[in-house]
Amino acid sequence: FGFKIGPAITRTAVSGISPNTPRNTFDFHLGFMYRYRLNRFVVQPEVLFAPKGGLFTEARLGGGTNVIRNNYNYVSVPLLLGYMPTEGLTLQLGPEFS
């Protein structure tokens, strides 16, 4: 078992014509994982807390800008299945529930 922490760069997509310009946000995700190994096969459930969202720069009439921040807090539960072709290299894939 172990803890996970890492950077997360997110951006909210805007479609159509909008006065809002999306910008990237930089946050961290954190959580923990457990790896069960059976010979060359691996099952790795994880629980992660990840803030997601983005920043918008909104143009105001008459000049100036506003910065609007969208924040969404997610709890994700990935279930990774893996294969170890050699020691030190694991190929993983699986669904994520959040």
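The structure is a predicted model, in which local features need pLDDT of at least 70 and side-chain atom pairs count only at pLDDT 80 or more, while totals for chains, interfaces and linings use all residues. Residues are numbered from 1 along each chain as its sequence is written, and side-chain values use heavy atoms, with hydrogens and water left out.

**Strand pairing**

- Strands are DSSP runs of E with at least two residues, numbered from the N terminus, and two of them pair if DSSP finds at least two bridges between them.
- Strands β5 and β6 run antiparallel and are joined by 17 bridges; within this pairing, K52 has Y72 in β6 as its bridge partner.
- Strand β6, residues 65–86, is also joined to strand β7, residues 89–93, by 4 bridges in an antiparallel arrangement, where T86 has L89 in β7 as its bridge partner.
- A further antiparallel pairing, over 2 bridges, links β6 with strand β8, which spans residues 96–97, and here P78 stands opposite E96 in β8.

**Hairpins and positive phi values**

- The hairpin of β5 and β6 has 5 residues between the strands, and G62 takes a positive phi near 85 degrees there.
- In the hairpin of β6 and β7, which has 2 residues between the strands, the residue with a positive phi, near 95 degrees, is G88.
- N39 has a positive phi of about 60 degrees although it is not a glycine, and its place is in the loop between β4 (36–38) and β5 (41–59).
- The relative accessible area of N39 is 64%, so this residue is classed as exposed (exposed means over 50%, buried under 20% and partly exposed in between, with a 1.4 Å probe and protein chains only).

**The surroundings of Q44**

- Q44 is found in strand β5 and counts as buried, because its relative accessibility is 4%.
- The side chain of Q44 makes a polar contact with the side chain of Q92 at 3.0 Å, a polar contact being a pair of N or O atoms within 3.5 Å, of which, within protein, one must be able to donate a hydrogen and the other to accept it, with residues adjacent in sequence counting only if both atoms are side-chain atoms.
- Leaving aside neighbours within four places in sequence, Q44 is in contact (heavy atoms within 4.5 Å) with M33, Y34, R35, P78, L79, L80 and Q92.
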